[in-house]
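Biologist: I am new to this one, so please take me through it step by step.

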Amino acid sequence: MDIFERELAGEVIDPQTDPEFNKFLAVQRQSCELTKLFAEYDERTMLIPPFYTDFGKNTRIGKGCMIQQGCVFFDRGGITIGDNVP
């Protein structure tokens, strides 16, 4: 089973050790690019939808961050999140 099938089957996916986690990140990145969010966004950053922003272009997110579902960002004045922020 691939990572998507394993996840649907209830397996816990460890982003640090799963050899297929890059497949998950690719789908997630594509979703983010479709919505054209964020000024900067690292490929290892995880964004779990739904996510809300009032602007979206003034947010800079560091490497390896995790943005949980339901977050709301008001970034017209700018938001910068450093590396490895859970």
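This is a predicted model: local features need pLDDT of at least 70, side-chain atom pairs count only at pLDDT 80 or more; totals for chains, interfaces and linings use all residues.

Biologist: What is the phi of Asn84?

Modeller: Most residues other than glycine have a negative phi. Asn84, in the segment after β6 (79-81), has a positive value, near 55°.

Biologist: Which pattern does the chain follow along the sequence?

Modeller: Helices (H or I, at least four residues) and strands (E, at least two) are DSSP runs, numbered from the N terminus. The chain has two helices and six strands. Read along the sequence, they give α-α-β-β-β-β-β-β.

Biologist: How many residues are in the largest nonpolar core?

Modeller: A nonpolar core is a set of buried Ala, Val, Leu, Ile, Met, Phe, Trp, Tyr and Cys residues joined through side-chain atoms within 4.5 Å. In the largest, Phe38, Tyr41, Leu47, Phe51, Ile61, Cys65, Ile67, Phe73 and Ile81 come together, and the count is nine.

Biologist: Which kind of aromatic pair do Phe21 and Phe24 form?

Modeller: Rings of Phe, Tyr and Trp (its six-membered ring) pair if their centres lie within 6.5 Å; planes under 30 degrees apart count as stacked, over 60 as edge-to-face and the rest as tilted. Phe21 and Phe24 both lie in helix α2, three residues apart, about one turn of the helix. With 5.2 Å centre to centre and 25° between the planes, this pair is stacked.

Biologist: How many residues apart in sequence are the parts that Phe51 and Phe73 tie together?

Modeller: Phe51 and Phe73 form an edge-to-face pair, 4.8 Å centre to centre with 85° between the planes. Both residues are buried. Because Phe51 lies in strand β2 (residues 51-53) and Phe73 in strand β5 (residues 71-73), the pair ties together parts whose separation in residues is 22.

Biologist: Is Glu20 buried or exposed?

Modeller: Glu20 sits in the loop between α1 (3-8) and α2 (21-35). Contact means heavy atoms within 4.5 Å, and, leaving out residues up to four places away in sequence, Glu20 touches Met1, Asp2, Ile3 and Arg6. At 18% relative accessibility, Glu20 counts as buried.

Biologist: Which residues does Asp42 touch, not counting those up to four places away in sequence?

Modeller: Asp42 is found in the loop between α2 and β1 (46-47). Its relative accessibility is 18%, so Asp42 counts as buried. With that sequence limit, its contacts are Arg29, Ile61, Gly62, Lys63 and Gly64.

Biologist: How far apart in space are Asp42 and Thr17?

Modeller: In sequence, Asp42 and Thr17 are 25 residues apart. From C-alpha to C-alpha, their distance in space is 18 Å.

Biologist: What does the C-alpha trace of the chain span along its principal axes?

Modeller: The chain has 86 residues, of which 30% count as buried. Along the principal axes, its C-alpha trace spans about 45 × 20 × 20 Å.

Technical notes: Residues are numbered from 1 along each chain as its sequence is written. Side-chain values use heavy atoms; hydrogens and water are left out. Buried means under 20% relative accessible area, exposed over 50%, partly exposed in between (1.4 Å probe, protein chains only).
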